[in-house]
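Q: I would like to learn how to read a structure like this one. Could you take me through some of its features?

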Amino acid sequence: MLLEVKNLSVEYITREGRGYAVENASLKIGEGQIVGLVGESGSGKSTLGWSIIRLLPGNARIRSGNILLKGRDIIKMSERTLNKTIRGKEISVIVQDPQNALNPVFTIHTQINDILSLYRKRRGKTERKEEAVSLLTKVGIADARRRIDEYPYCFSGGMKQRVMMVMAFIVNPSLLIADEPTTGLDVTVEAQILEHLKDLMRQYGTAVLYITHDLAVISEVADKVIVMYAGNIVEIANKSELFDSPLHPYTRALINCLPRSTTQEDQLETIPGSVPNIFNLPHGCKFHPRCELAKQICKEKQPLLKRSRSSSHKVACFLV
Amino acid sequence: MPLIDVTTLQAHFEKSKGLFSKLSGKSMAVVHAVDCISFSIQKGETFGLVGESGCGKTTAGRALLRLLPRNVIRGKINFEDRDVYKLSTSELREFRRHAQIIFQNLIGSLNPRMKIGEIIAEPFRIHESTKSSREIQAEVENLLELVSLSKSDKDKYPTELSGGQGRRVGIARALALHPKFIVCDEPTSGLDVSISAEIINLMKNLQRELNLTYLWISHNLRVVSYVSNRIAIMYLGRIVEMGETSEVFKNPIHRYTKALFSAVPTIGGNKGAKKIVLKGEVPSPINIPPGCRFRTRCWDSEPECRRKEPLLLPVGREHLVACHKAL
């Protein structure tokens with residue numbers, strides 16, 4: 001197992017109070033696997049993702065749990081060891097907004113070269129540039145030899161994301177955390193990015209934790225899917241299991257919210273109510289106030305993630 | 001008679017260049033945002049305008065409401081048989097009541113210093129100034145109810161609202177003066193799926209109750225296919241395909257439409273079909289390639305495509321395509 005997160009809880013401390021953004025989350029990612037992490041805004045999916053490299057905002061505290069990467073516990077590491085051996089070595093990140101992730105006053109070449117000069121120390125300057133150009137070409141940037149000397153503002157959103165991907169893969173990481181990498185991009189650009197992402201993964205043998213709110217994207221890229229709601233993992237399953245037979249009422253509702261056909265007669269399904277504030281979470285199952293099937297027990301006790309149907313399909317619901 | 005009739009609409013913007021090129025007298029760069037598009041919208045229907053960022057769909061929507069200066073516009077836009085760019089001041093005032101917009105950046109379109117109640121009351125203060133405050137208050141409360149917001153929300157400020165509530169305020173404001181036509185510019189973008197579904201249901205119900213006509217602008221094909229009766233697909237300022245939604249989705253003909261549809265991620269669907277992944281980038285609207293605009297990314301182009309720009313021609317009942325290889 002490449003990564004194993006056990007009973008992770010992350011608390012935010014703010015003026016409004018304290019609240020758990022991630023509660024008792026456990027998950028596993030195997031080598032070369034793509035794991036999709038889905039949930040609505042405020043579900044804690046990004047907090048969970050970013051706690052894996054311990055890049056959380058200053059008011060976040062990891063309260064309990066272990067994060068084992070190849071057996072070593074990331075939570076127990078010092079900042080120094082983290083920087084030396086984990087961040088940008090074992091684990092790379094690509095973010096939603098490549099606009100802000102690239103420095104506007106340096107050329108694309110300078111920024112890629114910054115990384116190459118750290119990881120390919122023995123190579124000469126021209127050799128490094130050749131590598132940068134070939135990497136950019138590989139992710140579909142036309143005329144890369146000329147464009148590499150341009151500044152980020154000359155690149156479109158999709159092209160910037162490709163530059164980010166190249167930079168993330170240069171270090172040959174064993175895990176890539178992709179936080180909404182295609183949100184806000186057009187579908188054709190999204191398709192390009194996903195294609196290149198899959199190519200690079202195959203080539204480098206990298207595992208990916210793909211964080212998104214878009215179930216449809218997940219259904220196309222992921223091997224395994226994790227659904228989060230209000231800080232809790234409510235369902236984990238292989239892709240086909242999850243989409244063919246979703247078990248948690250929340251997962252089912254999410255899938256049904258998507259407009260599917262051109263039949264216009266029926267109403268789209270919605271989920272009544274809204275995602276609860278983490279400073280004021282309901283008792284029992286976090287989803288019960290919005291769940292049509294909720295029973296008395298759902299209000300009193302919190303369901304744990306349990307195996308059902310098959311060993312790979314886990315769900316946290318009393319009614320399954 | 002269609003409610004809206006657009007004939008050869010063009011919107012070109014001059015892009016100011018740097019000082020040096022101005023001094024040396026070089027010609028201005030012209031952004032061809034919308035290039036010669038024609039379509040009409042029937043009363044009570046939802047017309048979907050889709051395309052990727054930069055294709056000109058928002059510009060087209062704004063032109064329809066006369067929200068762009070006259071000097072960038074060529075062509076004709078008729079609203080109930082009258083050219084919107086030729087209306088007199090009083091006619092324009094009347095037109096503004098009937099044609100409304102729900103802005104793409106909704107929170108940005110709400111004044112942060114005004115309470116929700118004031119924002120929704122503003123159309124009345126401008127257009128129905130004879131109304132007393134009490135009458136206006138009653139109208140505001142009705143509107144809040146219509147979009148399923150609570151009466152207490154009128155004392156809130158825009159920053160206190162969630163994304164979905166913000167959209168509802170925008171919808172309430174657009175509906176205030178009983179318009180006939182609403183341009184909905186990406187009304188669900190950036191919302192979670194469950195919230196987006198609520199907004200779509202609300203807008204469809206309102207359309208039925210109030211007999212509204214929508215121009216629905218979106219890059220989200222799933223949403224557009226669900227809400228609209230007819231759609232037009234735009235690429236680089238041109239309409240490349242147009243027709244009844246079900247027909248276009250069942251039988252897309254333009255290569256761009258095919259690529260666009262196949263790129264939409266779907267749950268469980270598209271299993272057999274291979275995804276068409278387009279190569280390269282959309283060309284700049286300043287230097288539009290001659291001939292067919294999509295030719296630079298088309299996998300099926302022929303010498304003819306370089307020579308001649310294809311016209312939007314019918315291929316079936318109410319199904320038009322601008323491609324040399326359509327037939």
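Q: At roughly what angle do the axes of helix 4 and helix 5 of chain B cross?
A: Keep in mind that this is a predicted model. A helix pair can be read from its axes: how they approach and how they cross. Here, helix 4 (residues 116–127) and helix 5 (residues 133–146) of chain B have axes that come within 9 Å and cross at roughly 115°. The crossing is right-handed.

Q: Which residues of helix 4 of chain B meet helix 5 of chain B?
A: Look along each helix for its share of the contact. Helix 4 of chain B brings B:G117, B:I120, B:A121 and B:F124, and these meet B:I136, B:E139, B:V140 and B:L143 of helix 5 of chain B. By class, that makes six nonpolar residues, one polar and one charged.

Q: How many helices and strands does chain B have?
A: Chain B has 11 helices and 12 strands. Its radius of gyration is 21 Å, close to the 20 Å that the globule rule gives for 327 residues, so chain B is as compact as a globular protein of that length. Of those 327 residues, 43% count as buried.

Q: How many residues of chain A are in contact with chain B?
A: The size of an interface is often given as the accessible area lost when the parts come together. Here we can count residues instead: 34 of chain A are in contact with 33 of chain B. On the chain A side, helix 8 gives the most, with six residues. That side has 15 nonpolar, 12 polar and seven charged residues.

Conventions. Residues are numbered from 1 along each chain as its sequence is written. Chains are lettered from A and ligands numbered from 1 in the order in which they are written. This is a predicted model: local features need pLDDT of at least 70, side-chain atom pairs count only at pLDDT 80 or more; totals for chains, interfaces and linings use all residues. Helices (H or I, at least four residues) and strands (E, at least two) are DSSP runs, numbered from the N terminus. The radius of gyration is taken over C-alpha atoms; the globule rule is 2.2 Å times the number of residues to the power 0.38. A residue is buried if 20 or more other C-beta atoms lie within 10 Å of its own, exposed if 12 or fewer, and partly exposed in between; C-beta atoms are placed from the backbone. Axes are lines fitted to C-alpha atoms, for helices over the stretch in contact, and angles run from 0 to 180 degrees between N-to-C directions. A crossing is left-handed if the near helix is turned anticlockwise from the far one by less than a right angle, and right-handed if clockwise. Two residues are in contact if their C-beta atoms, placed from the backbone, lie within 7 Å. Ala, Val, Leu, Ile, Met, Phe, Trp, Tyr, Cys and Pro count as nonpolar, Asp, Glu, Lys and Arg as charged, and the others, Gly among them, as polar.
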